[in-house]
Amino acid sequence: MNWRDRFSKFMYGRYGADQFSKFLLGLTIALCIISLFVPRRLGSLFSTLILLLIFYTYFRMFSRNIYKRAAENEKYMRILGSWRNKVANEKNLAGQRKYYHFYKCPECGQRIRIPKGHGKIQIRCPKCNATFIRRS
Ligand SMILES: [Zn+2]
């Protein structure tokens, strides 16, 4: 049996790599690079963190509890997804600020988008029907 067969036999029934382990690997590499620039007294803290990360990454890959590892990966993907959404929303909002004012309803706090360039106008909140005057 060559090493490749041995390895696939060893990995049989084990979880293997996923997106979360790629993230952990990236984090480990980032910490390795950062650790080159941190003060010496923080060095051992960083090496401990890096070792723990490596240990955890391998623990996950060789784990036989596939269900639990998949759940962890799903959680990671959810967090990543919501974070990406948030960034996209912020970008979208930044683009819209050129053409719109954003006001909060003084009554209920609802965010209202008003096109710019119409002078002072009365705004009616679509949620609670309160009216208020703002510059557009
Ligand atoms: Zn309102």
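Tutor: Start with a definition: buried means under 20% relative accessible area, exposed over 50%, and partly exposed in between (1.4 Å probe, protein chains only). This is a predicted model: local features need pLDDT of at least 70, side-chain atom pairs count only at pLDDT 80 or more, and totals for chains, interfaces and linings use all residues. Residues are numbered from 1 along each chain as its sequence is written, and side-chain values use heavy atoms, with hydrogens and water left out.

Student: Why is Leu 36 called exposed?

Tutor: Its relative accessible area is 65%. The cut-off is over 50%, so Leu 36 counts as exposed.

Student: What makes Cys 105 buried?

Tutor: Cys 105 has 4% relative accessibility. Buried means under 20%, so the label holds for Cys 105.

Student: And why is Cys 108 partly exposed?

Tutor: Cys 108 has 34%. That value falls between the limits of 20% and 50%, so Cys 108 is partly exposed.

Student: Which protein atoms are donors of the zinc ion?

Tutor: The SG atoms of Cys 105, Cys 108, Cys 125 and Cys 128, lying 2.3 Å from the zinc ion. Donors are N, O and S atoms within 2.8 Å of the metal (3.2 Å for Na, K and Ca); water is not among the atoms, so sites may look incomplete.

Student: Why is the pair of Tyr 58 and Phe 62 called tilted?

Tutor: Rings of Phe, Tyr and Trp (its six-membered ring) pair if their centres lie within 6.5 Å; planes under 30 degrees apart count as stacked, over 60 as edge-to-face and the rest as tilted. The centres of Tyr 58 and Phe 62 are 5.7 Å apart and the planes are at 45 degrees, so this pair is tilted.
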